[in-house]
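I opened this notebook to keep track of what I looked up in one structure. The entries follow in the order I made them.

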Amino acid sequence: MRRVPSVLFRTLAATRATSIAAPNCLLQAALYGSATAGAHTQRRRFSSLLGPFAAASLGVAGALISQEVLAKEPQPSEALPHDLVLYQFEACPFCNKVKAFLDYYDIPYKVVEVNPLSKKEIKWSEYQKVPIVMVDGEQLNDSSVIIDKLGQKILSKKNADSTSEDEETKWRRWVDNHLVHVLSPNIYRNTSEALESFEYITSNCNFSYIEKISVKFAGAAAMYFVSKNLKKKYNITDERAALYEAAETWVDALNGREFLGGSKPNLADLAVFGVLRPIRYLRSGKDMVEHTRIGEWYARMESAVGEPSRIKA
């Protein structure tokens, strides 16, 4: 794998550290259980009640800090899609999971940012959640399905030192069924952290000035109370302890390896990194890195994934 100067990566990464937005994908993850789970009546009432706030974002991308970084894993040009468009909310954990995959494998993609209020950008689709990917005219829905389908198209073989597919699948499911559920109670743990999250949301969104003010304060208040209900639903008594436990569980799974995939990230590494990336530089993410052993693995992942392969409009 090629090595590139960390100075270049740190310089470029600093320019993306303000990449923030306003999705409702987090609430989707929190209320609906996973990117594919169906909605029950009570959950639909939650969603309609929250309306414009229902989609609080998770945060901000960060700068790279390691002294030496690993380049991403580009695929042969003939294996790449000709046209890939990602419909997303910028800080949605499931969308970030897809982007981590695309960025690591250096797959060029365009982004359509979906307005979380009107969703007018995906009015054409019967499926009304994000992420949605259009790849060479084919629509793919749900983050795990998108990654699996794209992986079948472009990845010719597993890394020689990769872990087993069973272990990889196990931890990918753990991300969707457990890790995402501890995020919302943490970033909305108290009023100050809820306001911190919505400050990030409203600073880079398509809302009018009035909408920004109402979303910031009413949305933060709404999600603060929602997070308390989510704690009960998932039997979380101490949200920070649950986040730290999840981080330590992941580090234990590495079992001394640089990545779960061995010397290179596999799909489970990319999934964990993707959903954690939006919270990394919020208070909860900073606490997680300070109080657990996950920081070194996360820094290696930042280096391995590298710069986005997104095509600027």
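**Entry 1: a surface patch.** Before looking, I noted that a patch is made of residues with over 30% relative accessible area and no salt bridge, and that nonpolar side chains are joined into one within 5 Å. I also noted that the model is predicted. I then found a nonpolar patch on the surface formed by Y209, I210, I213 and F217. Together these residues have about 470 Å² of accessible area. I looked up F217 and found it in helix α9, which covers residues 209–233. F217 counts as partly exposed because its relative accessibility is 47%.

**Entry 2: the whole chain.** I looked up the totals next. The protein chain has 13 helices and 6 strands. Of its 313 residues, 56% are buried. I read an accessible surface of about 13700 Å² for the chain, with 52% of that belonging to carbon and sulfur atoms. Among contacts with a separation of 6 or more, 80% are between residues 24 or more positions apart.

**Entry 3: cysteines.** How many disulfides does a search of the whole structure find? The search gave 0. I checked C95, whose nearest cysteine sulfur is that of C92, 3.2 Å away.

**Entry 4: helix α13.** I looked up helix α13, residues 294–305, which has 12 residues. The helix reaches 16 Å from its first C-alpha to its last, close to the 16 Å expected at 1.5 Å a residue. Is α13 largely enclosed or largely open? I found 9 of its 12 residues buried, so α13 is largely enclosed by the rest of the structure. The buried residues include W297, Y298, M301 and E302. After α13 comes G306, with a positive phi near 70 degrees.

**Entry 5: backbone angles.** I noted that most residues other than glycine have a negative phi, and that most peptide bonds are trans. I then looked for exceptions. N235 has a positive phi, near 55 degrees, and lies in the loop between α9 and α10. N235 counts as exposed because its relative accessibility is 68%. N255 also has a positive phi near 55 degrees, and its place is in the loop between α10 and α11. At 63% relative accessibility, N255 counts as exposed. For peptide bonds, I found a cis one joining V130 and P131, with omega about 5 degrees. P131 sits in the loop between β4 and β5.

**Entry 6: salt bridges.** My search of the whole structure found 14 salt bridges. One of them joins R277 and D103, with the closest N and O atoms 3.8 Å apart. R277 lies in the loop between α11 and α12 and D103 in helix α4, so the pair ties together parts that are 174 residues apart in sequence. Both R277 and D103 are buried.

I looked up R293 as well, which forms a salt bridge with E248 at 2.5 Å between the closest N and O atoms. R293 is in the loop between α12 and α13 and E248 is in helix α10, so this pair ties together parts 45 residues apart in sequence. R293 is partly exposed, with a relative accessible area of 46%.

The side chains of E121 and K120 meet in a salt bridge of 3.1 Å, N to O. E121 counts as buried, at 17% relative accessibility. Last, I noted a network of salt bridges that links R189, E193, R240, R283 and D287.

Key. Residues numbered from 1 in each chain as written. Heavy atoms only, no water. Disulfide = S-S within 2.5 Å. Patch = residues over 30% accessible without salt bridge, like charges linked within 9 Å, V, L, I, M, F, W, Y side chains within 5 Å. Areas by Shrake-Rupley, 256 points an atom, 1.4 Å probe, with all protein chains shown as cover. Salt bridge = Lys/Arg side-chain N within 4 Å of Asp/Glu carboxyl O. Helix = DSSP H or I, 4+ residues; strand = E, 2+ residues; numbered from the N terminus. Buried < 20%, exposed > 50% of the residue type's maximum accessible area, 1.4 Å probe, protein only. Contact = heavy atoms within 4.5 Å. Expected span 1.5 Å × (residues − 1).
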